[in-house]
Number of protein chains: 2
Amino acid sequence: MPLSPGPFTGRTITSLAQDLREGRTTAVELVEQALAAIAERDPALGAFVTVDADGALAAARRADAELGTGTYRGPLHGVPVGVKDLFMVAGLPATMGSRHFAGYVADTDAESVTRLRRAGAVVVGKTTTHEFAYGPTGDRSANGASRNPWDPERMSGGSSGGSAAAVAAGLVPLALGTDTGGSVRIPAALCGIAGFKPGYGAISAEGVFPLARSFDHVGVLAGDEQDCLLAYRCLASAQLREDAGPARVAWLDPSELFDGDPRVVDAVRAVAESRLARSGLEEVRLRAGLGEEFRETYTVIQSCEAAAVHVARMAQAPELFDPELLERLRTAAEIPGWRYVAAVAARSRLVEAAATLFERHDVLALPTVPITAPLLQQRETQVDGRTVAVRPALLSMTSLWNVLGLPALTVPAGTVDGLPVGLQLVCRPGRELRLFEAAGMA
Amino acid sequence: MPLSPGPFTGRTITSLAQDLREGRTTAVELVEQALAAIAERDPALGAFVTVDADGALAAARRADAELGTGTYRGPLHGVPVGVKDLFMVAGLPATMGSRHFAGYVADTDAESVTRLRRAGAVVVGKTTTHEFAYGPTGDRSANGASRNPWDPERMSGGSSGGSAAAVAAGLVPLALGTDTGGSVRIPAALCGIAGFKPGYGAISAEGVFPLARSFDHVGVLAGDEQDCLLAYRCLASAQLREDAGPARVAWLDPSELFDGDPRVVDAVRAVAESRLARSGLEEVRLRAGLGEEFRETYTVIQSCEAAAVHVARMAQAPELFDPELLERLRTAAEIPGWRYVAAVAARSRLVEAAATLFERHDVLALPTVPITAPLLQQRETQVDGRTVAVRPALLSMTSLWNVLGLPALTVPAGTVDGLPVGLQLVCRPGRELRLFEAAGMA
């Protein structure tokens, strides 16, 4: 369990919304609870880089005033949210976790932030991102690592590590994140909360600093999948499609993707079996070699696009990068263009190959991350007696869904060694309600 | 003038079609004329790599039989055509001008060849391509250089050099080519004929060996623009749009693109003035720096995509490449992926910037090539007292229209030093009829 509950631990957005509408609490009260909890607990967590007490209280007062005059904006009205420090929020610093943007203040809201505000949500602050969102560990940022509320010596995961830690610690009930290879789902799983990235482009990425444009998704982190859905309905550009009949769910054997911790895989599978199927889960498999094709395609496209974003900064002020990040970017900048061209072609073939996975099923279930949270700064870890590289392990079961642009949800699936593990559910674009339906099966 | 006229010199496809329909000639007679002329003249020109006498005569007999029974397929019915050796033609060798494909025989027709045959055209053979279409000079091919009929010591231009030489020498009235940076228009201009590449994708490239997929276009070469239009109508996937009112034509000052031979530029401009405008041509300019942006964007995207096509062959059998080509491919294979990503982004900006060129005009006029045909294998040439690199000069006014995917036509515009020069006309996609209308003004 997290070290201690926060003001929003165990409170769903639906229940907060009811309390707000029925006068049992106010938006100002919720913001004050969030601010007090952040002041008390965040020094040990590093979830927030910027807290906007004045702005949040002012927005909360407006939300309360509207509620008082009968203007109701929906279930996010008056609800405090955290926003990853990769999104532009007008008037607030946007550092991207980097010294390159020290002192930079955004002058407009990202499209997704505009939508949150329009829905009545109250932005309390910016959450820690791994530097430039380029890392799934969440422990390299100009403002320090975000830490796992279940054990602050362990990583939160990343890159939306601050958003995950803030929600997991109960400091806010909802946070925005981005997910290029798993950056919403990995920290959500490692911190024991729910995280959702929709299909590519389903939430606008306008006003969000890019990592790798082909794979960048905006997503949400919350205590459970229903809160993710509720937030997604406010953020999505398109209507969600309702499907008839029960969702057909299959277990995707993850062994082709990564040779992870068998205790994690077994624990997640047991939860999947008990939650999703009364009479056993059907199983589907990736053909041999597909895991490697996904990794190569992801790595090449992501690396070249990330290098293109940063190459001018690498030339002009390399010393402002974290050394690990700079080394990774330099390696990325050396990948030849023909490999990028080949990867883009491979991606089209992978999309076709993956379509067959959904021929007989609506939803695929697999672990989100096949290990538990490593220690901060740890780059190799022991799994089942083997030494395993942390970064590839963290990304191994999430990044392929970015290559395919498919909606993917992680929900808590118990613990291993007292640390949370996540069950990941994946569907085709437009069928997101299937995921939430499947996650809610019991 | 070409050294001597061939059987199709000065005969338009429209006149051939009339002669065929009215019984003044037969398809077999036309094929026999083509075959005899090829046998006599092609040893000095190198326009053809494969001549299919039996297949052509059989197809011509079928065409005559259909005409005899009143089946008329349209203006190409019974007309002999040459097909660049980059297109698959069922049963015929397809070498791509390379020793890598020595002995390779295609088993199906390219989509564009299917359309030509459906229109009744008779394929007489395959024409020389610069090796793998990777060069605008037309003088490096496993089967030898194609030569300029106006002076066989000079290059035809390329990469569709054989198609241009065959039409210019009157060996066939029509030929298929491909154009990735100017490979239809450059040899057409240097050989004194018409050449047309439509908008990107307007003619299917299915069954055509790729050079750089983002820029590869299928096009046609013929004696004049009306024959190009006639062939294009048979090959295009979509209906052509008719516009009302006269085409508004502007001269595009080419100085931002290349500092070419002023005598060529002046000659082309004089023809444009006299053909296109009774009261002076309006002039438009590219903003400073745009020429360099187009070159960088073209070079990076084309190089990376070409390297991706050939990288396996470069590793397995480098000795089968022409040495110049191998060196160019090796340089191309070293371009980093981030530059490709940046070039793809730059291309979108260039498309926007170029849209303003067409705000007040339907058609832009400029030289096709700002020099006359250099000697075979010449890689530097003297222009106006300066030493100029041949390849960049040849591509300088054509490749930007591949970056933009715009329709572009070249028509003969007289001679300089007894060598042909071409007037290039460019329009927006879907407005191709404007080009042909403008070219036909007098």
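Contact, in what I am about to say, means heavy atoms within 4.5 Å. With that in mind, 100% of the interface residues of chain A are also interface residues in chain B, so the copies meet through the same surface.

Before I go further, a word on the source: this is a predicted model, in which local features need pLDDT of at least 70 and side-chain atom pairs count only at pLDDT 80 or more, while totals for chains, interfaces and linings use all residues. Residues are numbered from 1 along each chain as its sequence is written, chains are lettered from A and ligands numbered from 1 in the order in which they are written, and side-chain values use heavy atoms, with hydrogens and water left out.

Let me begin with the two copies. Chain A can be laid on chain B with an RMSD of 0.0 Å by a turn of 180° and a shift of 0.0 Å along the axis, where the superposition is by least squares on the C-alpha atoms of residues with pLDDT of at least 70 in both. The two copies are thus related as by a two-fold rotation axis. In chain A, the C-alpha nearest that axis belongs to Gly337(A), at 1.7 Å from it.

Now to the sheet in chain B. Helices (H or I, at least four residues) and strands (E, at least two) are DSSP runs, numbered from the N terminus, and two strands pair if DSSP finds at least two bridges between them. In chain B, 11 strands form an open sheet in the order S1-S3-S2-S6-S8-S7-S14-S15-S11-S9-S10, with mixed pairing. Strand S1 (48-51) and strand S10 (282-284) of chain B stand at the edges with a single partner strand each, so one side of each is left without a neighbour in the sheet. Neighbouring strands of this sheet are turned by 30° against each other on average, direction ignored; for such angles, axes are lines fitted to C-alpha atoms, for helices over the stretch in contact, and angles run from 0 to 180 degrees between N-to-C directions.

Within the sheet, strand S2 (residues 80-84) and strand S3 (residues 122-127) of chain B run parallel and are joined by five bridges, and Val81(B) stands opposite Val123(B) in S3(B).

Which strands does H14(B) lie across? They are strand S7 (194-197), S9, S11, S14 and S15 of chain B, and the helix runs at about 20° to S14(B). Helix H8 (residues 262-276) of chain B lies across S9, S10, S11, S14 and S15, running at about 55° to S15(B).

H14(B) also has a helix partner: the axes of helix H7 (residues 225-235) and helix H14 (residues 432-439) of chain B come within 10 Å and cross at roughly 160°. That makes H7(B) roughly antiparallel to H14(B), a term used for angles over 145 degrees. Among the residues that meet there are Leu229(B) and Tyr232(B) in H7(B), and Leu433(B) and Phe436(B) in H14(B). The residues of this contact divide into six nonpolar, one polar and three charged, where Ala, Val, Leu, Ile, Met, Phe, Trp, Tyr, Cys and Pro count as nonpolar, Asp, Glu, Lys and Arg as charged, and the others, Gly among them, as polar.

I will finish with some backbone details. The peptide bond from Gly158(A) to Ser159(A) is cis, with omega near 5°, and Ser159(A) is found in the loop between strand S5 (151-155) and helix H5 (161-168) of chain A. Phe132(A), in the loop between S3 and strand S4 (147-148) of chain A, has a phi near 55°, a positive value in a residue other than glycine.

Conventions:
Parallel < 35°, antiparallel > 145°, perpendicular 65-115°, else oblique.
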